[in-house]
Amino acid sequence: MISRPSTRILLAGLLAILAPGGAGRPGGARAAPPADQPRPLIERASVELVLIEAYVEDRSGQPIRGLAAEDFVLMIDGRVQPISSLEFRDNRPAEALEAAPRPQPEQPPQTLPSQAPRRFVLFFDDATSAPAGILGARRAAEQLIATRLAVSDQVSLVSYDRSLRILQDFTTDHDALIGAIRASVDDPRRRNDFAAEVAARQEEIRALVPPGGERDNAIGQAGLLATSYALEDAVRLRRVLSALRTIVDALGPWPGYKAIVFMGDGIPENPIQIYADGFVLPQVNAQKAGDLRLEIKDLAHAAAASGVTFHAVQTSGLVAGSAAAVRTAARRSNSLESIALSTGGTTSSSNDLLKGLARAEESSRTYYLVGYTPEGPPDGRDHSVQLRVRRGGARVRWRRVFTRLAPSEARTRSIEAAHVLPGLYPELGIEIAAIQGPGAGAERVSDLVLHLPRDRVLFLPEEGHSTARLEIGLVALDDSGKETFRVARQARISVPPDPRAPAGRGLNFFCRVRLPAASQMVTAVVSDLSSGTIGAARLELPAFRQDEGDVLGLSIYSLSEKSLWIEVDPSPSASGTEPVVSEYTEGPALRSSFEVGESLACGFKMRARRATGARPLRLAIRHEDAGETTGERSVPVAVPPDRPDGALTVPMPVDGLPPGRYRLVILEGEGAASVERASLDFTLRPAKAQGGDRSGL
């Protein structure tokens, strides 16, 4: 067994593979030192450096290279401060770098891009923007991805319609990005009537105010109606701002350039401005109730703390028509334009949406990183930045504000964002699986299993061992968003140095949970406390049906990779704050995706012992392409007489299968009369070179 002797678990296939091994540590593994034992003394010194992006151009818009620190004047909170460091970043494509002129000997050398590539989040406001403009933004984004991005740029596609959705997590695969954009075009969730509704409300309010004559009573009625509509709109607009804030927090830990490109009609400081054009409202208190300035300020503060650059592309373009319509469009774009200005980003209100997107991308191809060493501990306040260049004709755009958060607060923000947007946290390569057990009434039993590649986790030397410190969090929500399960635990994993151990050996954390039989959404967040890296993954569990309970614990294992298996105790008495010394054992890695060429086996257990003469069992592997089955392999399943408990382990016939999506199916019976007893989806991915990145980025 993997867990404590008192715990009966569902991992039937793994039990069969590991038998007759027992609980605890593998042979030769020494127990980790007690949690309260003093750690070895490590002397550490750190200097915090605030990095401020500065984009310097000449009058023709071309970047100016070769500047030194003495060419800049830096002011923080109105006082001139010394510049601690200066780097020039060049993120142009490789062919452009080769063709670029070399700096003169007296000039400081140019700095090539850091190892962390640029990250862009393309954000489509499908909730409050006219669908035609957002459709145009999607077409422009396709062209940007196909023609202008560098091969190393990582792009994520995000939409806010009725909720915040990841259309595509970070990837450098241009085809995948374009495919995700095209798939979202016909998604009915992206269509809204907000713009048409606002236009109709404006006409209704204007009709109440006569052009002349007695106006006081009419203005009062119009004001009440405008305030009512504005309060309704404020609810929808706040959700968009909250979604942007979540993305900002999610981007915070990324060490390279990171930007949000907002595409939409914009967010007004107060939606009352959209309706009350040309007359003063008497409902002052109601007007304040719809005010969004606090949320906009909070978004700007978060961007300053996370070092995120904000670009605003208004999808309504240049508005023609009445002066009121032009003013309304300007008011909707002003607030996000101010955030873009404070973060060193760009704005666009042109009818050429591709031009606006291209400007956002080009603005970060070449820039200076001005380093400033602040005094004192982080205070969480916004600090103003002024930057001047001592060169005639130079135009400079820079990050106008920075904020230093305490490390604990920054980490808390990132973890909260990871629970909302796990797709933006691929760094730890987490995979999550659910091993289904029996159901009783309105509940079901499941083993949740998290797999982490070991080379993504930082193991540090300690007491002759290699030790990792991790925090694991699991949250389950039902369809209404109600929380049905939560657990957070810390683990300290100490292993003896073993040069024979494969570098790719992973970690499998497992947790026995009781969940409602209704469909569930499970999110796992893991924080590496040694490196600061955060990873997350999400799994949707369909509703559990009692008639599907004949086969328990269906799971797939890689026999080519060994993993350390660690239990996450969900009991309320377990400590969630103090580090615990985690016992482990070794066994095959349980995952949901595998490389081509790995040797795989599946394990499961029949609910009841099979009677003599029962219909034969068969294992089938079906290739899934666009939701359709395009091929099938199957093998008979023999039930050995020495398995009275019904636990079975079956090698899977995957040799020669190409990369793709597959479904494992357990069938009972033969031919057309066979009955599907259980199924499980898995993926085969192309084999990667030794030591390659397994993140898919």
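**Basis of the description**

Helices (H or I, at least four residues) and strands (E, at least two) are DSSP runs, numbered from the N terminus. The model is predicted, so local features need pLDDT of at least 70 and side-chain atom pairs count only at pLDDT 80 or more, while totals for chains, interfaces and linings use all residues. Residues are numbered from 1 along each chain as its sequence is written, and side-chain values use heavy atoms, with hydrogens and water left out.

A222 lies in helix 6. A222 is buried, with a relative accessible area of 0%; buried means under 20%, exposed over 50% and partly exposed in between, with a 1.4 Å probe and protein chains only.

A nonpolar core is a set of buried Ala, Val, Leu, Ile, Met, Phe, Trp, Tyr and Cys residues joined through side-chain atoms within 4.5 Å. The largest has 39 residues, of which F123, I247 and I260 touch the most other members. Helix 6 (residues 216-251) supplies the largest share of this core, 10 residues. Beyond its neighbours within four places in sequence, F123 is in contact with residues including V158, Y160, L164, V240 and I247; contact means heavy atoms within 4.5 Å. Another core, of 33 residues, lies apart from the largest one and includes A476, L507, L541 and V568.

Four strands form an open sheet in the order 4-11-1-13, with antiparallel pairing; two strands pair if DSSP finds at least two bridges between them. Strand 4 (85-90) and strand 13 (395-398) are the edge strands, each pairing on one side only. On average, neighbouring strands of this sheet are turned by 30° against each other, direction ignored; the axes are lines fitted to C-alpha atoms, and angles run from 0 to 180 degrees between N-to-C directions.

Five bridges join strand 1 (residues 50-57) to strand 11 (residues 366-372) in the antiparallel sense. L51 has G371 in strand 11 as its bridge partner.

**The second largest pocket**

The second largest pocket has a volume of about 1300 Å³. A pocket is an open set of points on a 1 Å grid over the protein atoms alone, where a 1.4 Å probe fits, with protein on both sides within 12 Å along at least five of seven lines; lining residues have an atom within 4 Å of a point. Grid points are joined across faces, edges and corners, and the volume is the space filled by probe spheres set on them.

Of the 39 lining residues, L49, G252, K258, A305 and S306 are the closest to the centre of this pocket. Elements giving two or more residues to the lining include strand 1, strand 11 and helix 9 (293-306). Helix 12 gives the most, with five residues.
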